[in-house]
Amino acid sequence: MREELKVPHISTGDILRQAVADGTRLGLEAKKVMEAGQLVSDEIMLGIIRERLTQPDAQRGYILDGYPRTLPQARSLDELMGERSAPAVVVANISVDREELVRRISGRRSCTNCKAVFNVHLQPPQKPDVCDGCGQSLVQRADDEEDTVRERLAVYDRETRPLLEYYGDRVANVDGQGSPQDVLERLSSVVAQHVGERGKS
Ligand code: AMP
């Protein structure tokens, strides 16, 4: 979708995992919190997002993945976008049955080398635990183990679900059941519709 919209995909989870891999101070602080399925502090996250959104590639818009996750993050994102007179937000609320979600997340495996993502249930690699693309080994993220996934979902219910009310009519609901391709098509059409409508006003 980032190709169609010509905007960067900004994943705060990816930024944090890179910091962990690089062994930076941020990475050392974030590692334990992430492995426990908890949220990194709003203060740290705000610093990260503020810095990322000022990069040249983010000036025409962006897809934020995993941000905001709390009310203070959402409020400060609105403030940040107001300061920069950025276009309005479209919030995609992708709904998936809870047990299906646990199965999808705990089935995820990613390549240690090229970062390609597979799923043992939905998109298995040809040889177990080996990347089809580059032949390197596939691993499960520590926070994708089932118990941690359930903890992350409890954190979602407590901290992130209230954002649906905060965003109100800025939320676009997307049915997340079915294949990745089905969901991508639904998501793209909802985003295109919202972007088009905003563009007219
Ligand atoms: P994700 O890849 O989006 O599932 O994020 C992985 C983990 O990174 C989360 O479970 C949190 O520990 C941390 N994280 C990512 N984004 C945020 C955020 N916006 N606020 C707080 N913690 C975050």
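These are my notebook entries on one protein chain.

**Whole chain**

I started by reminding myself that this is a predicted model. I looked up the secondary structure and found nine helices and seven strands in the chain. Next I checked the radius of gyration: it is 17 Å, close to the 17 Å that the globule rule gives for 201 residues, so the chain is as compact as a globular protein of that length. I also noted the span of the C-alpha trace, which is about 50 × 40 × 35 Å along the principal axes.

How much of the chain is buried? I got 34% of the 201 residues, with buried meaning under 20% relative accessible area.

**Contacts and charges**

I looked at contacts between residues at least 6 apart in sequence, and 62% of them join residues at least 24 apart. Then I turned to the charges: there are 28 positive and 33 negative ones, and their mean positions lie 2 Å apart.

I picked out an open sheet of three strands, and its order is E5-E4-E6. Which way does the pairing run, parallel or antiparallel? It is antiparallel. The edge strands are E5 (117-119) and E6 (138-139), and each of them pairs on one side only. I followed E4 (residues 108-111) across to E6 and found two bridges joining them.

How values were computed: Residues are numbered from 1 along each chain as its sequence is written. This is a predicted model: local features need pLDDT of at least 70, side-chain atom pairs count only at pLDDT 80 or more; totals for chains, interfaces and linings use all residues. Side-chain values use heavy atoms; hydrogens and water are left out. Helices (H or I, at least four residues) and strands (E, at least two) are DSSP runs, numbered from the N terminus. The radius of gyration is taken over C-alpha atoms; the globule rule is 2.2 Å times the number of residues to the power 0.38. Buried means under 20% relative accessible area, exposed over 50%, partly exposed in between (1.4 Å probe, protein chains only). Contact means heavy atoms within 4.5 Å. Lys and Arg count as positive and Asp and Glu as negative; His and the chain ends are not counted. The place of a charge is taken as NZ of Lys, CZ of Arg, CG of Asp or CD of Glu. Two strands pair if DSSP finds at least two bridges between them.
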